[in-house]
Amino acid sequence: MKLQAALDTLTLDECLELLEETKGYIDIAEVGTPFIIEAGMVPVRAIKEKFDSIEVLADAKIMDAGEFEADKCFEAGADIVTVLGVSNDETIEGCVRSAKKYGKKIMVDMIAVKDLEQRTIEIDNMGVDYICVHTAFDVQASGKDPLEELKVVNKVIKNAKSAVAGGVKLSTIDDIVNEGAEIIVVGGAICNAKDRAATSKKMKSHLK
Ligand SMILES: O=C([C@H](O)CO)[C@H](O)[C@H](O)COP(=O)(O)O
């Protein structure tokens, strides 16, 4: 299991500081969608240059022009790029072509997918590396969490590995670990913690 820190709202300097402080606990640094909107691929390049032992995920949430946009992220140094599960099959297939070209990986973000089981079965046959259930930031306030969706994905996947995101915190991580996921994504619970190193260390210690 890998711990992925979602870096959504910090500055680049703050992110580099966080990754330095939490060395050994964070396996994947996610350059979050809001960060990409703010700074483009600059943080992807900077993190990759400074931390060669950490994988970098560009949370581009690609929705169209899959191969072209994934190419841009991989050229900047991303190891993993995200595409939305609600996209057309052609878009996801384009991302997979791009990943194969660069020897890198694709994660499909299942945010807002209506028929999760059916769409997971379809996407699992497209050659993607990870299928990530994701409770949207905008619906987390309603109390929804991603555990039930993780169970649906785990039940049907045969090829891809599962990942989970959306409001994961120390109090919910054990249930997720027990259900099983290759990647556990944690944003706010690490970035907004008083002691980010201690929180990451603790989270990492819960992973199998
Ligand atoms: O992908 C994310 C969200 O859609 C904003 O872009 C977050 O990185 C992801 O949800 C993890 O963050 P937390 O929910 O704060 O753990």
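A residue is called buried when its relative accessible area is under 20%, exposed when that area is over 50%, and partly exposed in between. The legends below use these terms for a predicted model.

**Figure 1. A salt bridge joins Lys155 to Glu117.** The closest N and O atoms of Lys155 and Glu117 are 3.3 Å apart. Lys155 belongs to helix H8 (residues 147–156) and Glu117 to helix H6 (residues 116–124); the pair thus links distant parts of the chain, 38 residues apart. Glu117 has a relative accessible area of 32% and is therefore partly exposed, whereas Lys155, at 58%, is exposed.

**Figure 2. Within helix H6, Glu122 and Arg119 form a salt bridge.** Their closest N and O atoms lie 2.8 Å apart. The two residues are separated by three residues in helix H6, about one turn of the helix. Arg119 is buried, its relative accessible area being 12%, while Glu122 is partly exposed at 32%.

**Figure 3. Lys101 and Glu67 pair across two helices.** The contact is a salt bridge whose closest N and O atoms are 2.9 Å apart. Because Lys101 lies in helix H5 (residues 89–102) and Glu67 in helix H4 (residues 66–75), the pair ties together parts that are 34 residues apart in sequence. Both side chains belong to residues that count as partly exposed: Lys101 at 48% relative accessibility and Glu67 at 24%. Glu67 and Lys101 also belong to one network with Asp71 and Arg97, joined by salt bridges that share partners. The structure as a whole holds 15 salt bridges.

Figure 4. A disulfide requires two cysteine sulfur atoms within 2.5 Å. Cys191 is likewise in no disulfide, the nearest cysteine sulfur being that of Cys15, at 6.7 Å. Cys132 is buried at 2% relative accessibility, and Cys191 is buried at 4%.

**Figure 5. A patch of negative charge lies on the surface.** Five residues gather in this patch, namely Asp13, Glu14, Glu17, Glu21 and Asp195. Asp13 is part of helix H1 (residues 12–21). With a relative accessible area of 59%, Asp13 is exposed.

Technical notes:
Residues numbered from 1 in each chain as written. Predicted model: local features only at pLDDT ≥ 70, side-chain atom pairs only at ≥ 80, totals over all residues. Heavy atoms only, no water. Patch = residues over 30% accessible without salt bridge, like charges linked within 9 Å, V, L, I, M, F, W, Y side chains within 5 Å. Areas by Shrake-Rupley, 256 points an atom, 1.4 Å probe, with all protein chains shown as cover. Salt bridge = Lys/Arg side-chain N within 4 Å of Asp/Glu carboxyl O. Lys, Arg positive; Asp, Glu negative; His and termini not counted. Charge placed at Lys NZ, Arg CZ, Asp CG, Glu CD. Helix = DSSP H or I, 4+ residues; strand = E, 2+ residues; numbered from the N terminus. Buried < 20%, exposed > 50% of the residue type's maximum accessible area, 1.4 Å probe, protein only.
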